[in-house]
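Reader: I'm about to look at this one for the first time. Can you walk me through it?

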Amino acid sequence: MHKIDIDLIEMTLDVMKYAIGRISATEHPIGKPKKYEELKELVGETVTEKGVGGEYAFNLWKEYLSKANVPVDHPRNLAFVPASPTRAAIMFDLVTSASSIHGAYWMEGAGGIFCENEAMKWIVSLTGLPEGAFGVFTSGGTAANLSAIVTAREHWREDETYKREKGLIITSIGAHSSIKAMAKVADVDILLVDSEERLTGADLRKTIDNLNFHQRKRLFAVVATGGTTNAGIIDDLEGIADICEKENIWFHVDAAYGGGALAADSVRHLFNGIERADSITIDPHKWMFSPYDCGAVIYKKPELAKNAHSQQGSYLDIFKDEGAHGFNPTDYQIQLTRRVRGLPLWFSLATHGTDRYKQSVERGIELAQIAGKMIEENPHVELVREPSLSCVLYRRKGWKPEDYTHWTYENHKKGFALVTPTKWKNGDTYETVSRFCFINPDTTEEDIRLILETMN
Ligand SMILES: Cc1ncc(COP(=O)(O)O)c(C=O)c1O
């Protein structure tokens with residue numbers, strides 16, 4: 001299994017050929033899921049005592065299984081937060097896998113971690129955080145948010161007064177579901193300001209003033225969003241920072257999606273106040289064109305994260321020894337063994353330069369503006385709100401929720417597009433609407449026009 005023979009060499013060439021084809025293709029089919037039973041019928045048993053052989057398994061992958069996925073980089077995949085990894089980043093994802101690097105400790109992964117840190121320096125510079133701020137790459141925004149919440153809670157509990165208190169955090173209903181999920185994991189309560197629009201300093205002030213004595217005692221963090229997933233809304237980071245500083249509360253900004261827009265001059269001012277955060281989440285696998293999976297968590301004072309996350313174990317002591325002389329990413333987030341998942345981003349940044357990143361993010365914002373204009377000019381549809389960052393919410397006049405569902409499935413079934421509905425809170429009710437989220441700079445105005453046409 002670990003030996004080289006001619007079959008292995010042939011297999012390597014086949015896999016490389018496939019990867020080259022995928023990387024260099026300018027068009028990909030959009031792909032469709034199949035039921036488990038259908039896939040099983042097509043593929044049969046693959047994990048057996050003797051194995052079915054690499055060539056056979058790879059053919060199954062090419063023939064059936066790869067086609068049951070929806071590539072996130074399809075230019076008409078505008079659902080969720082799609083992705084659009086650069087070819088350079090994808091290529092270095094292959095190099096990362098082939099290099100077998102343990103990315104937890106400098107002693108083992110110095111070369112890879114060095115590259116990650118160069119990329120991280122650029123990301124940190126976009127935030128405007130003060131000297132000393134730094135971060136690490138995580139498996140995604142969820143892990144970054146959890147790492148930040150746990151750091152905040154541990155720091156809060158350094159004070160004896162709070163040792164036995166269950167923590168409380170405030171965010172808004174616009175926050176990503178991972179904030180609620182991670183509050184559960186960290187066993188902290190969460191209070192949601194009931195607005196999907198921009199969370200302001202005034203909203204936060206009112207919410208804190210309405211807390212009872214014990215709730216206020218338990219409040220240790222506020223999570224603002226730097227680009228909501230649903231609508232691209234950036235909270236009033238300046239106003240929220242003012243209150244967090246005054247009240248001595250940890251200020252976390254979840255910019256998992258919107259963080260890439262820190263590179264875009266046209267919208268950078270909307271993030272003012274982010275430089276006062278205690279921690280920030282930014283996902284390079286969203287708007288920094290990295291392959292999955294690559295998130296990042298950044299701390300104003302990384303030593304607080306180290307206090308919270310550094311793992312102890314006799315077999316680990318040697319890696320922390322001074323002789324290793326380096327930065328150990330494991331100390332700053334929840335994971336021990338880790339892939340150097342920032343390496344593809346580093347290679348892409350080194351290849352293209354940061355200006356190209358700026359241009360590609362600006363294109364996503366521009367596409368949202370273009371889509372907004374097309375919607376305004378089309379009598380069948382209307383904007384639910386002005387486009388924000390690269391998100392556009394719009395309604396098809398007269399449509400019920402089931403019409404959006406049917407339309408989504410039809411477009412997907414045809415292999416044409418993946419555009420999915422969402423809900424927008426309108427007063428006390430939630431309205432089903434359609435949503436675009438632009439990431440891929442290869443999405444064209446024609447793509448948008450054709451998608452809108454399918455609603456006529
Ligand atoms: C604002 C925000 N935070 C957190 C997440 C979770 O990130 P991940 O899916 O990388 O764990 C997302 C994902 O869409 C997001 O948009």
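**Ligand shell and sheet**

Author: 14 residues surround the ligand, and the closest are Gly140, Gly141, Thr142, His176 and Ala256. A residue is near a molecule if its C-beta atom, placed from the backbone, lies within 6 Å of it. This is a predicted model: local features need pLDDT of at least 70, side-chain atom pairs count only at pLDDT 80 or more, and totals for chains, interfaces and linings use all residues. Residues are numbered from 1 along each chain as its sequence is written.

Reader: How do the shell residues divide into nonpolar, polar and charged?

Author: Three are nonpolar, nine polar and two charged. Here Asp, Glu, Lys and Arg count as charged, Ala, Val, Leu, Ile, Met, Phe, Trp, Tyr, Cys and Pro as nonpolar, and the others, Gly among them, as polar.

Reader: Which helix gives the largest share of that shell?

Author: Helix H6 (residues 141-156), with three residues. Helices (H or I, at least four residues) and strands (E, at least two) are DSSP runs, numbered from the N terminus.

Reader: New topic. What's the strand order in the sheet?

Author: E1-E7-E6-E5-E4-E2-E3, an open sheet of seven strands with mixed pairing. Two strands pair if DSSP finds at least two bridges between them. Strand E1 (134-138) and strand E3 (189-193) are the edge strands, each pairing on one side only.

Reader: And how many bridges join E4 to E5?

Author: Five, between strand E4 (residues 219-225) and strand E5 (residues 250-254), which run parallel. Ala224 stands opposite Val253 in E5.
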